[in-house]
Amino acid sequence: MTAAIEAAGLAKRFGETVALTSVDLAAEQGTVLGLLGPNGAGKTTAVRILATLLRPDGGQAFVHGHDVAKAPDRVRDIIGLTGQYASVDDTLTGVENLVFLGRLLGRSRADSRRTALSLLERFGLTDAGDRTAKTYSGGMRRRLDLAACLVGDPKVIFLDEPTTGLDPNARDQLWEIIRGEVRRGVTVLLTTQYLEEADQLADDIVVIDHGSVVARGTPEILKREVGRPTLQVRPLDGAHLDRVAAIVSEVTGGHTVEGQAVTSRVSDTAALYAVVRRLDEAGIAVTELSIREPSLDEVFKQLTTGAPV
Ligand SMILES: Nc1ncnc2c1ncn2[C@@H]1O[C@H](COP(=O)(O)OP(=O)(O)OP(=O)(O)O)[C@@H](O)[C@H]1O
Ligand SMILES: [Mg+2]
């Protein structure tokens, strides 16, 4: 089966700046691919290439089998894009924005209006449909932006940081809309800096940094492969903090003091038992002794800064 999105060896420079080195990525139809990376990693550049807005200097990319460089029109027919900077026209109403886009796609006025009204309803914007977009809140604008990208009934949508600046409610609403599209078979490439977002939505994740892929896999695999669990010990008596720190260091080779607790990365749970034994021998009582799995946040930090996890 052909992947909905497939790119191999994508490279792009802007003058001296290398935005992408050699990026490979793929997404099966009806899945969400999360493209993660810190500021300047190359996420928007990759999206713009895949959406035919920018030509790569090297490599190839296909959307439903169409080459983005050789058959951009075929690609544009089946994609929707919402940019990092929202693209709706402020001076038009919600309805006008969507009708305008329908007309641009060659639809009749009546058809464009029908599509516009149904999208506004799906996105909870019916009541705001006759107001100009400049009166919308940030969350409403994002929803209108996403609605705009669905006017052409795309098979693949590119969402470049779709929830930046949204409050948790607005973000949850947008996530639900995105999930709904995916259930209908739409493929989504989502860039985000929110690890939670990737964890919630993405089937697969590609992490890029300085234009190169530094990790890929499902959220679970990334957490398992990259992150190591954290051992945390909290003595009952704060005066024992130093001795606990010494014991943890002896067993695990290092420690960090966080408030009234001592933590350390461990490679397996055997460390937990060794620490328990030493604490028992030393007669030190604890209120907490736990092993915590790494969060995707910690994994991301390690991948993109080289900080030990
Ligand atoms: N049109 C351009 N001209 C010059 N340099 C550019 C251009 N577009 C991007 N760059 C550079 O390419 C690199 C990658 O930028 P890109 O916008 O793809 O990053 P990003 O991962 O989307 O970052 P952010 O999280 O800040 O949106 C950066 O160093 C950026 O300064
Ligand atoms: Mg960007």
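What follows is a walk through the domains, the sheets with their helices, and then the spaces between the atoms.

The model is a predicted one, in which local features need pLDDT of at least 70 and side-chain atom pairs count only at pLDDT 80 or more, while totals for chains, interfaces and linings use all residues. Residues are numbered from 1 along each chain as its sequence is written, chains are lettered from A and ligands numbered from 1 in the order in which they are written, and side-chain values use heavy atoms, with hydrogens and water left out.

**Domains**

Begin by colouring residues 5–224 as domain 1 and residues 228–293 as domain 2, as the domain assignment of the chain gives them; such bounds come from an automatic or database domain assignment. Between the centres of domain 1 and domain 2, taken over C-alpha atoms, there are 45 Å.

**The sheet of four strands**

Next, show the strands and helices, which are DSSP runs numbered from the N terminus, with at least four residues of H or I for a helix and at least two of E for a strand. Select β2, β1, β4 and β5, which in that order make an open sheet of 4 strands with antiparallel pairing; two strands count as paired if DSSP finds at least two bridges between them. β2 and β5 (66–67) are the edge strands, each pairing on one side only. Strand β4 (residues 58–63) runs antiparallel to β5 and is joined to β5 by 2 bridges, and you can find V63 standing opposite H66 of β5.

Contact here means heavy atoms within 4.5 Å, and angles run from 0 to 180 degrees between N-to-C directions, with axes that are lines fitted to C-alpha atoms, for helices over the stretch in contact.

**The sheet of six strands**

Turn to the open sheet formed by 6 strands in the order β6-β7-β8-β3-β9-β10, where the pairing is mixed. Its edge strands, each of which pairs on one side only, are β6 and β10 (212–217), and neighbouring strands of this sheet are turned by 15° against each other on average, direction ignored. Helix α8 (residues 219–226) packs on the sheet, where α8 touches β9 (204–209) and β10 and its direction makes about 110° with that of β10.

**Pockets and cavity**

Which residues line the largest cavity? Select T82, R142, D145, L146, L159, P162 and L174, which line this cavity, and note that its volume is about 50 Å³. On a 1 Å grid over the protein atoms alone, a cavity is a set of points where a 1.4 Å probe fits but cannot get out, a pocket is an open set with protein on both sides within 12 Å along at least five of seven lines, and lining residues have an atom within 4 Å of a point. The largest share of the cavity lining, 3 residues, comes from α5.

Move on to the largest pocket, which holds about 450 Å³ of space. Of its 19 lining residues, L81, L101, L105, A148 and C149 are the closest to its centre, and the elements that give two or more residues to the lining are α2 (72–78), β6 (79–82), α3 (94–104) and α5 (138–150). The largest share of this lining, 4 residues, comes from α3.

Finish at the second largest pocket, with a volume of about 240 Å³; a volume is the space filled by probe spheres set on the grid points, which are joined across faces, edges and corners. Among the 15 residues that line this pocket, G40, G42, K43, T44 and T45 lie nearest its centre, while β2 (17–27) and α1 (43–50) each supply at least two residues of the lining.
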